[in-house]
Amino acid sequence: MNDTPPPAEIDPITLAVLAGRMEQIADEMDATLFRSAFNPIIAEAHDASHGLYHAETGDTLVQGKSGLPIFVGVMSFAVRAVIDKLAETGETPQDGDIWIFNDAHLGGTHLNDMRLVRPCFRDGELFCWLASVGHWHDLGGGAPGNYNPAAKDAFQEAFVLPPVKLARAGEIDRGILDILLRNTRLPQSAEGDLNGQLGALDLGIRRMDALLDEYGAGTVAAALDALSARAETLMREELKALPDGRWEAEDFLDNDGITDEALPIRVALEIAGDRMTLDFAGTAPRCQGPVNIALPTAVATAYVAIKHVFPMLPANAGVMRPIDVKIPEGSLLSAEFPAPVGGYTETILRMIDVIFAAAAQAAPDRVVANAYGTINALSIAGRRRDGTPWVMFSFYGGGHGGSAESDGLNHGSAPISTATIPPMEILEAAYPVMFRHWALRPGSGGAGAHRGGLGAIYEIEVLEEMGAEVFLFGERGKHPPKGIAGGGDAATNRFSFETDDGWARPPMVSKMRGIQLRQGQAVRLETPGGGGYGPAADRDPAAIARDVARGLLTADEAERLYGWTEGRA
Amino acid sequence: MTGKRMIGVDVGGTFTDVFFLDEGTGTARVAKVPTTRPDQSGGFLEGIRREVDDLSTLSAVIHGTTAGTNALLERKGARIGVITTEGLRDVLEMRRRDRPRTWGLRGDFEPIVPRDLRREVPERTLADGTIRVPVDLDAVRAAGEALRDAGCDAVAVLFAHAYANPENEARAVEALRAFWPNAHVSASSEILPEIREFERFSTTALNAYLQPEVSGYLDRLDAALRDGGFGAEFMIVQSNGGVMGVDTACRLPVRTALSGPAAGVIAAAYIAGEAGFPDVITGDMGGTSFDVSLIAGGRSMLAPQTAIDFGMVVRTPMIEITTIGAGGGSIAWVDKGGLLNIGPESAGSTPGPVAYGQCNDRPTVTDANVVLGRIDPDNPIGGKLDRLDVAAAERAIDTHVGEKLGLSTVAAAEAILRVANSRMAGAIRLVSIERGFDPKRFAFMPFGGGGALHAGAMLAEVGIGRAIVPRYPGVTSAMGCVIADMRQDFVQTVNATVDALDTDALAAFMQDHVDTGTRMLEATETRFEARETLFELDMAYVGQTHTVAVPLPVTVTDGRVAAPSRAAVAEAFDTAYHAAYGRLLPSGTRRVMNLRSAVIGKRPKFDLATLAPAGGTVEAALRGHRRVHFGDAWHDTALYDRLALPVDAVIDGPAILEQADTTVLIEPGLSGRVDPHGNTIITRKDGHG
């Protein structure tokens, strides 16, 4: 799209048609990978994404709707990393070349996310880039599955691959493949996922070829420019409708998993006319443990938060043009290689929370209160009596925040994800565990005119006579999800485990490492709810009575939080 | 009328359609009456009485119903209670930790059974079927009494791993049935013996939720038919496209969730197949949505489950229907970025399009069709006006689309149709391409009131060679009722690696499915031309979560199932897996997750030629001319009475074929031919399709 001069004006109908067609290409790439992936994190939890990116800048042009929300902003950094690498080496891309890497400091998120970037040519000219990212099951490092809560650098987290050419003009480099498959505990799963991603890129190229044949490169390029300009206009219109001003918010991470010290995340949100600034000055400096994030992740997270506030906005780079994201150097939001970033989910969830908290002061009706704010990555691992190893790894849910329209959703997925939880019966059939509780956690939602959604209680007993070892990566153990517009805070995350002397709690509160359970002992997660919306005094008494009747709130709590005394002496 | 008559009845939101087939002469008639509310049985009987006085002359009545769907969507099922495993009270409310929409984080969820009507009892079965805690029957009785006293009409027993060992559930149900005041006591292992607790619990609870309503409705209909002298079989269409006896429907009402639409797809498959098109994509255009379904080699695709609404999952085999929000009532609007959008907001049938004059002032897809002359303003199909308000539709399109995009009224109307057609074409591409089919190989069959207006556009947009418009597109679902086979589906979770598969136990499950299915077929008085039994295993490599449907080539001889060997199971998996993914995993361990069986009784089909026009001439069918806009010009367009056109008549576009509830548009460059069954086959003039 660099050479073909686009027509000055594209007709609005062709534009609408092309917008749909290109979105469909990205969606089809998503669907191809979800179907063929080997690991459930992609196949079931959809921890993957695909899109089209600008030939020169790497900006997001179009992104699939079904991939993980956090990738919507982050993938253009992966493309840019490849563009930078080409500039550095003076290479020009060839048709059929494919780059691969997982370096999170270049491409954002964490090392499990394997990124593939492929050029799309038309008439010998680079038209745009296609990219695919997927969460691989394991890439070596200190903990199976790579959620190592005590990692002090990237090397303890996983094998690190910088952008390298996996395919030259359509020919896969067997050497690269061998290196990759030798650096994972699950080579079969890795090869299956890689094939799925390659298949998705092939399909994307075929679909783009057909589209360019049909409409011509000039028209498609003009449409892409127009869509980006339109997204920018939409964003500016939304910002104009908000009051001008500056609002601040702060929140905390419990600790970095190594030293039990709170880490502040601060934001100042400023709106002036049709522009917005998000300034994270005052945020904690880079820390020792894995709750750092790389700069691309931080910028992408601002995008995720903005898109939750304005859900109708399209997924392309135009949206971010009126928004200035300022990430202080040296902070844990712009940690440089090889700082550990495996727990990035916790940090970006907190970034979203503070952006919501600040935006709520400007326009409370446009925002929801904080969701549960932690991914709760739990891994229970051990050996069966015959010596075979097992690892049960999953993320656990919590409550969503209340909003102007309704109470928050009970037991939802994290704002950065749309992953569903595996069925309890599937987990129990695959691993020697039994869930004593898989239930809502009464009283965990923040009070409010619309209360927060409830978190959950999961209590998991080890059935294997050899026992098991528990790793748990969470947050919100000390600092609860916040309410907005006068709403109350939710309950904090609470982890406990059984010992020979009864129940105990982990030293890092929301993180566990190497906790040993015997057969018959359990680990218990009580996850946070969401924050409340609006003053508790404004809650409909019938809704309070209903919560009490359903056991979601005790009569004592109802009296303490809402002054509700119905039916009491 | 000489023979016994078979009747298909489809109750839709606006109309109740009745299809009468005389089995002796093979002739058919149709009737359309307004649907009655809230009790649909009024319209049902009124429709039948249009053609039949003596119900004793009927050989069968087959019903496609939306009673279940509506009760689910409107949350008007019964007050029910749940008795469940200690620690698992909230499974129905927690779902699979999903959310209503990806972006925005808004919205909450109320399960159909509130928490105070979900009671826990001590009991626990493990994944391998071991009973760790025997069920506490005193606790079950106490919970049941409490639920009964709280006014519950039905109770569902939902225990962990009951698919692996139903004993605890069976004992609880027995204890409950001893005192429960009606028959509405069900267990999850009876409704869906399949692993995945949320899906099983949800399906079972929704079944219980529908039971009092749907069985009450069907009982009323049954009684009314019998009072009128009806003595034959009354059957209900299931979501899987097969029919079941009314007794089964009362026991398993959740299987009717997509009854009406499924019947439509069955009829479409039959009509297209008889016309020589075994590969067809159907498009049912209603007021708020466009429903697409794919039929390959004469078979419709079945989906294992569907969500009727957020958090309301029904897991029973259903004809796969993809819905997008682009119907006749979908609203066209220009967003702040200057892009033209269609839907998702819809004016539906009330208030309906602007031209209906019922207080909607935002333009819809139908309004664009009206403004361009494609719909006859003097004979409105819906709404309450004698004549459609064309001027109001023009004003709405000007105000909301034309002025914002700098387009004339007509250009704005064309733009609305182009964007709507593009979205509909996108749905067709998605359902075909996603399953590895090239849509160009397929015919397109529009049905429902509005689909045939857009058939030409689908040819142009998707590159499909031909469209086939059935002779009576407005009563397709009612016709499907008469055509559908009888079908019973069964599932049983097995969960074993192939190396450890107990093939005798597997064969015993298969035998049980065949025996039960055969009993259900034989309990009806229907005549079957043939019987068919299908077995499928859900299989995957250990570690994978998505399973592949593996057809199992097992023969049933004199009702006896031969046990398949492990080698045969492994080979069948390799074949199916390779077909799906193009490669095998030589070191992978194969696992069997579920057995699925279907027992099918093939019902006799009628000859569609009996619906064909007898005689007539093209000249006699010509009703006049109207100005209609296509592309960038107005064309003087011939109007025909569609049903009066003779077989083999060829009408070149531009032309409009009109019948009571449908407008068939033949655009310039296209040509329509009446086939021997009275269908209209639309192709490009230059090609032969």
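**Stop 1: a valine to start from**

You are looking at a predicted model. Colour the helix around the valine next; Val173(B) belongs to helix H5 of chain B, residues 167-177. Which residues does Val173(B) touch, leaving aside those up to four places away in sequence? Select Val157(B), Val185(B) and Ala187(B) to see them. For a sense of distance, draw a line from the C-alpha of Val173(B) to that of Ser565(B): the two are 36 Å apart in space and 392 residues apart in sequence.

**Stop 2: two loops with positive phi**

Stay in chain B and go to His161(B), in the loop between strand E9 (154-158) and H5. Its phi is near 55°, a positive value in a residue other than glycine. Most residues other than glycine have a negative phi, and most peptide bonds are trans. Is His161(B) buried or exposed? His161(B) counts as buried, since it has 29 C-beta neighbours inside 10 Å.

Now select Arg196(B), in the loop between helix H6 (188-191) and helix H7 (197-227) of chain B. Arg196(B) also has a positive phi, near 105°. With 24 other C-beta atoms within 10 Å, Arg196(B) is buried.

**Stop 3: two cis peptide bonds**

Jump along chain B to Gly653(B) and Pro654(B), which are joined by a cis peptide bond with omega about 0°. Pro654(B) sits in the loop between strand E33 (650-652) and strand E34 (655-659) of chain B.

For another cis bond, switch to chain A and select Phe337(A) with Pro338(A): the peptide bond from the phenylalanine to the proline has omega near 0°. The loop that holds Pro338(A) runs between strand E11 (323-326) and helix H10 (344-362) of chain A.

**Stop 4: chain B as a whole**

Zoom out and show chain B as a cartoon, where you can trace 17 helices and 37 strands. Its radius of gyration is 27 Å, close to the 26 Å that the globule rule gives for 689 residues, so chain B is as compact as a globular protein of that length. Its C-alpha atoms fill a box of roughly 80 × 60 × 60 Å along the principal axes. Buried residues make up 55% of the 689 residues in chain B. Take the contacts in chain B with a separation of 6 or more: 67% of them link residues 24 or more positions apart.

Colour by confidence if you like; chain B has a mean pLDDT of 90, and 98% of its residues reach 70 or more. The model scores ipTM 0.92 and pTM 0.91.

Next, give each domain of chain B its own colour: domain 1 (5-72 + 215-256), domain 2 (76-209), domain 3 (330-420), domain 4 (485-602) and domain 5 (627-684). The C-alpha centres of domain 4 and domain 5 of chain B are 47 Å apart.

Then select residues 7-177 of chain B, which UniProt lists as "domain: Hydantoinase/oxoprolinase N-terminal" in an unreviewed entry. This span is 26% helix and 27% strand, and its end C-alpha atoms lie 37 Å apart.

**Stop 5: chain A and its domains**

Move to chain A and colour domain 1 (12-233) and domain 2 (368-538). Their C-alpha centres lie 32 Å apart. Where they meet, 13 residues come from domain 1 of chain A and 15 residues from domain 2 of chain A. On the domain 1 side of that contact you will find nine nonpolar, two polar and two charged residues.

UniProt places "domain: Hydantoinase B/oxoprolinase" (unreviewed entry) at residues 11-535 of chain A. Over residues 11-535 of chain A, the chain is 31% helix and 24% strand, with end C-alpha atoms 49 Å apart.

**Stop 6: where the chains meet**

Finish with both chains on screen. How many residues of chain A are in contact with chain B? There are 65, in contact with 55 residues of chain B. Among the elements of chain A that each supply at least two residues to this side are helix H7 (187-215), helix H8 (217-240) and strand E14 (433-440). H1(A) gives the most, with 12 residues. Colour the chain A side by residue type and the division is 31 nonpolar, 22 polar and 12 charged.

Conventions:
Residues numbered from 1 in each chain as written. Chains lettered and ligands numbered in written order. Predicted model: local features only at pLDDT ≥ 70, side-chain atom pairs only at ≥ 80, totals over all residues. Domains from an automatic or database assignment. Contact = placed C-beta atoms within 7 Å. Helix = DSSP H or I, 4+ residues; strand = E, 2+ residues; numbered from the N terminus. Nonpolar A, V, L, I, M, F, W, Y, C, P; charged D, E, K, R; others polar. Rg over C-alpha atoms; globule rule 2.2 N^0.38 Å. Buried ≥ 20, exposed ≤ 12 C-beta atoms within 10 Å, placed from the backbone. pLDDT = per-residue confidence, 0-100. UniProt positions renumbered as here; feature names shortened; annotations may be inferred.
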